[in-house]
Amino acid sequence: MKIGKRQFGIKLKITVAFSLIFILLSLSFNLYCYRKIRMLMISDNDAYLIARAETLLDKTEVLPAIIPLPDNNTSIRVLYHSAGKPIVVFQSPGIIKNIRTPTKTGVTDTLGMRVAYVVSSNEDNPAELMLVRSADHLDSNLRYLLLLLFACSLLSVLLAGLIAYILSFYLLQPVQRIINAAKLINAHKLRDVIPVKKTNDELQELTETINMMLVRIDESLQQQQNFFASASHELKTPLAIMRAEIEVQLSKPELTPALSNLMKSQLAEINRLQQVVQEFLLVSQLKSSGITLHKQQIDLSLVILRLFNRLQPFLQQKSLKSKIDFDQDAETFLIVADDDKLNILLMNLVENAIKYAVPGTTINCSVQQSMFKDHIAIIFKNTIIEESFPTENLQNAFHREAIDSNGAGIGLWLVKEITHLHHGNFRVESSNFAFEAIVDLPISA
C-alpha cells in the first residue's frame, strides 16, 4: 500500500503546539505586566500633576488676586467658595470651560483631559486650583508600551517556534531512522529487524515492540506458506492416481457411452483440481521467493491455440465464441519464458474472461506488437454486463468483488506475479461494457 504524503508531520505539530502554548503564556504575562506598568505610569503622572498644581496654588492669592502663569499646554482655573458658592477668580481660555470643578481633591479624567484639583489649607487664602492638561502624551506612551510588548511577544513566538522546529528535527531523528528501516522491510525480509539502540527510553521500547511484531507476522506467514506447500504436495499424489485410474478405465472398449461421458467429466474436474493445486504450490513459492524459472523458446501462437482448444467445453457451456487474431505485422511470436508458468498465466486469463463474459458473446484474443520496445502484447477482451468494472484491487491476492464469487481470488494476482517474474507488464481495464486484460512479455530473456 502506498502511503500518501504527510500533510502535518510531528515536527510541525510540535512547533504549532509549542508556539500556541508560548503565545498564551506570553500574552498572559505581557498583559499582566502592561496593567502593572500602566498603573505605575498613571500614578506617576497623577503625582506630577498634583505636585504641579500645588506649586501653582502656593503662588496664588485670591484677595487680592495674584495668578501665576500656567505651563504650555496647560490650563488652570482659580476659585474660592463664599457662602457655599464657588467664585471663579481666573480661568484659562479653551476646553477648560466645559469641565466642571471636581468635588474632591485628586486627579480625574474627562473629555480626553487630565484634571488635578487641589485646595489650599491656608484660612487667610482660601484658594482652590484646578489644573487641566491633555491626556494625549500619557495615552501615546501607553500605546507605545502596548505595541512594544506585542512586538516582543510576536518576535519571541517566532523565535520559539523556530527553535522548537529545529529541536524537534534533532529529537525525532531516531524516529526517522526507524521509519527508514521499516520501509526496507517486506514480506520476504521480516527477519531483518530494525536496529535497536540502547537508549533506555520510549524509542528503544518502540523499536523492540516493532521487532517482536515483525517476528510474529513472519511466523504467521511461514505457517500459511507451509500450509499451502504441504496441502499442495499432499493433494498431488491422490489426484495423479485418480487421473491415471480414470484414464485406464476410459481406454477400455466395453464402456457404455453414459459411463464414458461421466468419466470424461470427472477427468476434466481432476484436471481442474490439479491446476488449482499447482497454483497453490506456485503461490507458496512466490510468497517465499523460492521460485525458479526454467526458460525456453516458446511459440505463443501454438500455446494460445492449444489453450483455447482445451477450453472449448467451457466456452460451449456459456454459448461463447472465441476469436483469435495474430497481428501479421508483429516481428515474431517467439518468446523466451517458462512453459509451465506461461500456461498458468494464459489459463487464468482465459478462465477469467469465460467466467465474467456475457453468455452468447465472443471472447477476443489478440497477439500483437507491444507498446513497449522488444515486447509482445497478449490482449484478452470480453463483454460484461456492467458498463465498467472496478479494477483497482483485482490484482491483489485473494481479492473477490463479492463474497459469494467463485474461485479463491488468486488468478489475476498470479498473472501479475508471473508477468513480473518474466520482467513484463500487466494491466486490466474496463469501459463500454468490456473488460480487457493486457500482458506485455519480453521477446528475449
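Predicted model: local features only at pLDDT ≥ 70, side-chain atom pairs only at ≥ 80, totals over all residues.

Me: Which residues line the largest cavity?
Reply: They are Leu 349, Asn 352, Ala 353, Phe 380, Asn 382, Leu 412, Phe 435, Glu 436 and Ala 437. By class, six are nonpolar, two polar and one charged.

Me: What makes this space a cavity and not a pocket?
Reply: A cavity is a set of points where a 1.4 Å probe fits but cannot get out, whereas a pocket is an open set. The largest cavity holds about 50 Å³ of space. The search of the whole structure finds one cavity of 30 Å³ or more.

Me: How much space lies in the second largest pocket?
Reply: About 620 Å³. Its lining has 22 residues, with Asn 271, Arg 272, Gln 275, Arg 310 and Met 347 nearest the centre. Two or more lining residues come from each of α4 (202–250), α5 (257–287), α7 (312–317) and α8.

Me: Which element supplies the largest share of that lining?
Reply: α5, with 10 residues. The lining as a whole divides into seven nonpolar, seven polar and eight charged residues.

Me: Which residues of α6 and α8 meet?
Reply: From α6 come Leu 300, Val 303, Ile 304, Leu 307, Phe 308 and Arg 310. From α8 come Leu 342, Asn 343, Leu 346, Met 347 and Val 350. The classes are nine nonpolar, one polar and one charged.

Me: How do α8 and α9 pack, and with what handedness?
Reply: Their axes are 9 Å apart, at an angle of about 145°. The crossing of α8 and α9 is left-handed. On α8 the contact uses Lys 341, Ile 344, Leu 345, Asn 348, Leu 349 and Asn 352. On α9 (residues 411–421), Gly 411, Leu 412, Leu 414, Val 415, Ile 418 and Thr 419 take part.

Me: What makes up that contact by class?
Reply: Seven nonpolar, four polar and one charged residues. Gly counts as polar here, and Gly 411 is one of the residues in the α9 side of the contact.

Terms used
Residues numbered from 1 in each chain as written. Heavy atoms only, no water. Contact = heavy atoms within 4.5 Å. Helix = DSSP H or I, 4+ residues; strand = E, 2+ residues; numbered from the N terminus. 1 Å grid on protein atoms, 1.4 Å probe; cavity = no way out; pocket = protein on both sides within 12 Å on 5 of 7 lines; lining within 4 Å. Points joined across faces, edges and corners; volume = space filled by probe spheres on them. Axes fitted to C-alpha atoms, helices over the stretch in contact; angles between N-to-C directions. Left-handed = near helix turned anticlockwise from the far one by under 90°.
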